[in-house]
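Please look through the briefing below beside the sequence and the model, taking one topic at a time and finding each element on the screen before reading on.

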Amino acid sequence: MPEIGNPPLTGLRVLDFGQVLALPYTGMMLADQGAEVIKVEPLTGDPSRKYMPPDVGGESPFYLSVNRNKRSVALDLKSDSGRDAVLAMVAGADVVLENFRPGVMDRFGLGYDVLSAINPGLIYCAVSGYGRSGPMKDRAGYDPIAQAESGIMAITGEPDGPATRVGVSIVDVVTGIFSAQAVTAALYARKETGKGQVIESTLFATAVNLLSNFSNQSLLAGDDPTRIGSGSQAAQPAGVFQTADSEFMLTIAAEHMYKKFCDKVLERPEMATDPRYETNKMRVTNRLQLADDLNAIFATRSTAEWLERMRAEGIPSGEILSVRDALASPMADAVNLLSTAPHSTLGDLKILNPTYSFSGTPVREHIAPPLLGQHTREVLRDVAGFDADRIEAMIEAGEALAWEEGA
């Protein structure tokens, strides 16, 4: 079916107060799907604008990675004029996103009670480290700390090495994804009730949910999972294996697959009937010996040869690529992963596309992340309804910041 019409969230307006990663990711997802997302920044900008080196023409790759398809308005939220501008914009908004520490928006005079009195249909999504109640509510939330406190680091890394953080800020990213899904669910509910509501997401809860089978293993079986490197506690053989020239990742999760692997790939049918390895339970129990036996076999051929043999038989396996090589791989082209977006000072920027596509509606045509205050004048005029004199007075007084082309 060809793409038709507008992106699915066309017509929605989102005020995105999110900073750094988790909620900016939420805002970007909604923007990709067609929502008008206005990034409301302090006069100093989202802190991630300064996450350098490296930089791209003076812009932070970190900031650029999660703020496409948005407009930027820079306001002093502690000033009366800044607060008034937000209140004026909220009247016509559908969603507010914020990840300040609990209570900060209330101190600005912009808490949910105030905003919902102006707009009862408002969806208000707040992300924090630990929620707005409880003994840790005043602590700042950070992805590495959530990984440490949730158990993720306890099960990540080699058995004889230190606890290890997952390289990407996975808790921030998934919190952003969970929050975007919750926003769309709340918007769906609003169709029936006509009322908005508060969504609360925490990094800690996300991190514990990411444990998935490991958390249930602990809850139901009473044990305490530990780290086993790149392998699996549930299915074997799985992990990183050495070949004659490099290494690769292998995961076998079914008995019939293991038998085919032994018969067709290894050409060692006896390994399928070896009492130590004939069932998954036995392979998990004897995984260290199994890994030694497999590494001895894998050392006889190159990674390319083994991957060709495994893919011919449908055995899940993959080369361990660098970030640069993954982005340049045929797979990236095959799933339409990469695109470009026009930037006001940097030209066309290479960006990632969303991970999904719609058969009946498009995602939006991308624009690059905004410069700080790039759209302050037009947003205050068109969304807040301020006249030109009032806008210029705010800029002159240091209550708003507007990007000046060529400045």
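In helix α1, the residues A22, L23, P24, T26, G27, M28, M29, L30, A31 and D32 are buried, where buried means under 20% relative accessible area, exposed means over 50%, and partly exposed lies in between, with a 1.4 Å probe and protein chains only. Because 10 of the 11 residues of α1 (residues 22–32) are buried, this helix is largely enclosed by the rest of the structure. This is a predicted model, in which local features need pLDDT of at least 70 and side-chain atom pairs count only at pLDDT 80 or more, while totals for chains, interfaces and linings use all residues. Residues are numbered from 1 along each chain as its sequence is written, and side-chain values use heavy atoms, with hydrogens and water left out.

**The chain as a whole**

- The secondary structure of the protein chain comes to 18 helices and 12 strands; helices (H or I, at least four residues) and strands (E, at least two) are DSSP runs, numbered from the N terminus.
- Taken along the principal axes, the box filled by the C-alpha atoms of the protein chain is roughly 85 × 50 × 45 Å.
- Of the 407 residues in the protein chain, 44% are buried.
- Among the contacts in the protein chain with a separation of 6 or more, 69% are between residues 24 or more positions apart, a contact meaning heavy atoms within 4.5 Å.
- The protein chain has an accessible surface of about 20,300 Å², and 54% of this surface belongs to carbon and sulfur atoms; such areas come from the Shrake-Rupley method with a 1.4 Å probe, and for residues only the protein chains shown count as cover.

**The sheet of 7 strands**

- An open sheet with mixed pairing places 7 strands in the order β6-β5-β4-β1-β2-β3-β12, where two strands pair if DSSP finds at least two bridges between them.
- The edges of this sheet are β6 (197–202) and β12 (400–401), each of which has a single partner strand, so one side of each is left without a neighbour in the sheet.
- Strands β2 (residues 36–41) and β3 (residues 70–75) run parallel and are joined by 5 bridges, and the bridge partner of V37 in β3 is K70.
- Helix α3 (residues 80–90) packs on the sheet, where it touches β1 (13–16), β3 and β4 (95–98), and its direction makes about 145° with that of β3; axes are lines fitted to C-alpha atoms, for helices over the stretch in contact, and angles run from 0 to 180 degrees between N-to-C directions.
- Helix α7 (residues 170–193) also packs on the sheet, touching β4, β5 (123–128) and β6, and the direction of α7 makes about 165° with that of β6.
- Just after α1, G34 takes a positive phi of about 110°.

**The sheet of 3 strands**

- Another open sheet has 3 strands in the order β7-β8-β9, and the pairing is antiparallel.
- Since β7 (238–242) and β9 (317–319) stand at the edges with a single partner strand each, one side of each is left without a neighbour in the sheet.
- From one strand to the next, the twist averages 25°.
- Strand β8 (residues 247–251) is joined to β9 by 3 bridges, with the two strands running antiparallel, and the bridge partner of M249 in β9 is G318.
- Helix α13 lies across β7 and β8 and runs at about 40° to β7, whereas α14 packs on the sheet by touching β8 and β9, with a direction that makes about 150° with that of β9.

**A hairpin**

- Strands β10 (residues 338–343) and β11 (residues 347–352) run antiparallel and are joined by 6 bridges.
- The hairpin that joins β10 to β11 passes through 3 residues, and L338 stands opposite L352 in β11.

**Two loop residues**

- S302 is found in the loop between α13 (287–298) and α14 (303–312), and S302 counts as buried because its relative accessibility is 17%.
- Not counting residues up to four places away in sequence, S302 touches T243, A244 and D245.
- E278 is found in the loop between α11 (270–273) and α12 (280–285), and E278 is partly exposed, with a relative accessible area of 43%.
- E278 touches E255, A272, T273 and R283, again not counting residues up to four places away in sequence.
- The C-alpha atoms of E278 and G398 are separated by 72 Å, and these two residues are 120 residues apart along the chain.
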